[in-house]
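Subject: Structure for your files

Hello,

Here is the structure we spoke about. Please look it over first; my notes follow below.

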Amino acid sequence: MNKRYRVNSEEIDRLRGEVEHFAGFPMQTPDDFTRLSNILNSSGYGYVSPTTLKRVWGYITDTGNDYCPGTYTLRTLSNLLGFRDFNEFADQKLAIQSKEYTGQYLESRGLEIGAKIEIRWQPNRHCILRHMNDSLFEVLSSENARLKKGDIVECGCFTQNAPAYFTRVFRQGASPMTYIAGTANGISFCLLES
């Protein structure tokens with residue numbers, strides 16, 4: 001059954017912002033759209049072409065300035081964020097509002113190889129990650145979390161008091177999955193001394 005979505009430009013803007021935050025990188029170059037397409041596909045949410053994603057972000061306007069993403073595209077992007085469909089995402093606008101953040105954050109690409117980061121979130125969850133390269137980390141230890149020692153995780157940015165979005169979690173013998181730590185109250189992080 002093809003479900004019809006209520007769409008307005010404010011909700012699409014918010015969806016784009018939340019997807020960028022989740023992915024850990026802004027959608028600015030053709031490679032960014034290819035990377036997001038690969039994240040969606042490899043995480044099991046479905047295939048959305050880089051060209052379609054460029055239209056959603058207004059990077060290309062070959063179909064006109066009033067382009068409205070289709071139901072499948074909106075659902076797939078909403079699924080990535082943990083919502084059942086776009087309507088559920090749109091209904092959350094009072095609970096999840098975009099805002100400027102001026103607090104502390106840490107970009108993964110800026111870390112030295114081998115750097116260790118400790119993250120904590122409620123209730124009583126704790127992990128230590130070792131930076132491997134770019135946005136990949138190895139889980140060195142994990143307490144009370146779904147992440148397990150030995151997992152390889154991808155995270156573009158850690159932000160104090162905001163959720164940590166692991167766009168891919170690689171576990172031996174399993175398909176890659178997506179994981180969000182600290183959905184309710186966010187995480188706290190600190191760099192550990194080498």
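Is Cys 68 buried, partly exposed or exposed? Cys 68 has a relative accessibility of 45%, so it counts as partly exposed. Please keep in mind throughout that this is a predicted model.

On the other cysteines: Cys 127 counts as buried, because its relative accessibility is 0%. The closest cysteine sulfur to that of Cys 127 belongs to Cys 155, and at 11 Å it is too far for a bond. A disulfide is a covalent bond between the sulfur atoms of two cysteines. Searching the whole structure turns up zero disulfides.

Overall layout: the protein has five helices and nine strands. Read from the N terminus, the order is α-α-α-α-α-β-β-β-β-β-β-β-β-β. The radius of gyration is 17 Å, close to the 16 Å from the globule rule for 194 residues, so the protein is as compact as a globular protein of that length. The C-alpha trace spans about 55 × 35 × 30 Å along its principal axes. Of the 194 residues, 43% are buried. Among contacts with a separation of 6 or more, 50% are between residues 24 or more positions apart.

Helix α4 (residues 71–80) got a closer look. Eight of its ten residues are buried, so α4 is largely enclosed by the rest of the structure. Those buried residues are Thr 71, Thr 73, Leu 74, Thr 76, Leu 77, Ser 78, Asn 79 and Leu 80. What do the buried residues of α4 pack against? Their partners are α1 (9–23), α2 (30–42), α3 (50–56) and α5 (86–91). Just after α4 comes Gly 82, with a positive phi of about 95°.

Gln 160 sits in the loop between β6 (157–159) and β7 (164–170). With a relative accessibility of 12%, Gln 160 falls under the 20% cut-off and therefore counts as buried. From Gln 160 to Glu 10 the distance is 26 Å, C-alpha to C-alpha, and the two are 150 residues apart in sequence.

Regards

How values were computed
Residues are numbered from 1 along each chain as its sequence is written. This is a predicted model: local features need pLDDT of at least 70, side-chain atom pairs count only at pLDDT 80 or more; totals for chains, interfaces and linings use all residues. Side-chain values use heavy atoms; hydrogens and water are left out. Helices (H or I, at least four residues) and strands (E, at least two) are DSSP runs, numbered from the N terminus. The radius of gyration is taken over C-alpha atoms; the globule rule is 2.2 Å times the number of residues to the power 0.38. Buried means under 20% relative accessible area, exposed over 50%, partly exposed in between (1.4 Å probe, protein chains only). Contact means heavy atoms within 4.5 Å. A disulfide is a pair of cysteine sulfur atoms within 2.5 Å.
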